Amino acid sequence: MSTLTATTEEPRTTPARPVYRVTGRRVLSSEWAKLWSLRSTWITLGLGLLFLVAFGLISASRYKSGINSGHMDRDFADSTAVSLSLFGTNFAQLALGVLGVLVTAGEYSTGMIRSTLAAVPRRLPVLWSKAAVFGLVALVVGTIGAFVAFGFGSGIVSGTPAAMSLTHAGVVRSLLGAGLYLGLVGAIGAALGALLRSVAGGISVLVAALMLIPGLISLLPSSWQDNISPYLPSNAGESMFALTHDSTTLPPGAGLLVFLGWTALALAGAACRLARTDA
């Protein structure tokens with residue numbers, strides 16, 4: 001006679017998975033890591049810094065040669081060390097703005113945005129983090145470039161009517177304003193990339209807003225130009241780092257507020273589309 005012994009199996013215990021919470025700090029950290037993992041980030045930031053410094057030195061050298069030869073170009077007659085050193089800002093803004101578009105629109109072109117939004121279902125923190133991370137990087141690069149360009153440029157024009165130092169009134173404010181302007185341009189580029197979800201479209205709108213529209217406004221009657229031109233993004237941004245202003249330009253504080261308004265408008269449009277449509 002056989003006896004059956006019942007054996008009770010012990011329940012298997014599976015290790016509990018760690019619970020990861022989506023927090024603002026972690027989203028920022030993720031966007032920071034993605035930004036610096038791209039080769040285009042290093043190349044484009046380097047180009048932006050190169051444009052800002054190189055064109056500043058070229059304009060300062062041209063001014064110095066005009067002084068020495070006695071044949072000063074009319075466009076450089078009233079230049080200062082600040083305006084000469086920041087001559088490359090218009091070129092640097094294109095490099096940084098284009099990279100801002102790539103930061104957001106690049107994920108749509110590769111399809112990586114689906115993984116990003118799956119990890120952060122609320123969506124809008126992704127946009128804020130992208131704009132904040134790249135805007136901060138562009139701000140640092142632009143500020144460093146502005147001070148480096150002024151350091152070398154002021155040395156070149158030393159002993160000329162354009163000579164200035166950091167202790168002159170408004171110089172530090174202008175250099176910091178140039179860095180802030182480039183940082184906001186980067187944020188606008190990121191917003192346009194998220195709004196249009198196309199690299200080509202974002203770059204086209206960015207170039208049109210910063211360079212083409214001011215040229216078209218110059219075709220309007222002068223009375224219209226005086227009322228419209230100061231409030232365009234590029235002109236309002238330039239007033240942020242101008243040493244002086246006249247009746248046709250905004251004061252630095254007003255220019256900053258206007259440009260912040262344009263930045264907020266671009267971000268609001270991108271947030272609205274991101275919240276209402278699928279990736």
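**Figure 1. Arginine 197 in the loop between α7 and α8 (199-217).** This is a predicted model; local features need pLDDT of at least 70, side-chain atom pairs count only at pLDDT 80 or more, and totals for chains, interfaces and linings use all residues. Residues are numbered from 1 along each chain as its sequence is written, and side-chain values use heavy atoms, with hydrogens and water left out. Helices (H or I, at least four residues) and strands (E, at least two) are DSSP runs, numbered from the N terminus. Arginine 197 is not a glycine, yet its phi is positive, about 70 degrees being the value for arginine 123 and about 55 degrees that for arginine 197. Arginine 197 counts as buried because its relative accessibility is 16%. Buried means under 20% relative accessible area, exposed over 50%, and partly exposed in between (1.4 Å probe, protein chains only).

**Figure 2. Arginine 123 in the loop between α5 (112-119) and α6.** This residue, too, is not a glycine. Its phi is positive, at about 70 degrees.

**Figure 3. Helix α4 (residues 89-110) packed with α8.** Two packed helices are described by the angle between their axes and the distance between the axes. Here the angle is about 150 degrees, and the axes are 9 Å apart. Axes are lines fitted to C-alpha atoms, for helices over the stretch in contact; angles run from 0 to 180 degrees between N-to-C directions. α4 and α8 are therefore roughly antiparallel to each other. Angles under 35 degrees count as roughly parallel, over 145 as roughly antiparallel, 65 to 115 as roughly perpendicular and the rest as oblique. The crossing of α4 and α8 is right-handed. A crossing is right-handed if the near helix is turned clockwise from the far one by less than a right angle, and left-handed if anticlockwise. On the α4 side, the contact is made by Gln93, Leu94, Gly97, Val98, Val101, Leu102, Ala105 and Gly106. α8 supplies Val199, Gly202, Ile203, Leu206, Val207, Leu210 and Met211. Contact means heavy atoms within 4.5 Å. By class, this contact has eleven nonpolar, four polar and no charged residues. Ala, Val, Leu, Ile, Met, Phe, Trp, Tyr, Cys and Pro count as nonpolar, Asp, Glu, Lys and Arg as charged, and the others, Gly among them, as polar.

**Figure 4. Helix α1 (residues 24-36) crossing helix α6 (residues 124-156).** The two axes come within 9 Å and cross at roughly 55 degrees. That makes α1 oblique to α6. The crossing is right-handed. From α1, the contact takes in Val27, Leu28, Glu31, Trp32, Lys34, Leu35 and Trp36. From α6 come Pro125, Val126, Ser129, Lys130, Ala132, Val133, Phe134 and Val137. These residues divide into eleven nonpolar, one polar and three charged.

Figure 5. Arginine 21 is exposed, with a relative accessible area of 62%. Arginine 21 and valine 120 are 99 residues apart in sequence, and their C-alpha atoms are 9.8 Å apart. Arginine 25 counts as exposed at 65% relative accessibility. Its C-alpha atom is separated by 9.0 Å from that of serine 129, 104 residues away along the chain.

**Figure 6. Model confidence along the protein, given as pLDDT.** pLDDT is the predictor's confidence in each residue, from 0 to 100. The mean is 87, and 91% of residues reach 70 or more. Over residues 1-8, pLDDT stays under 50, and the model has zero contacts beyond four places in sequence for them.
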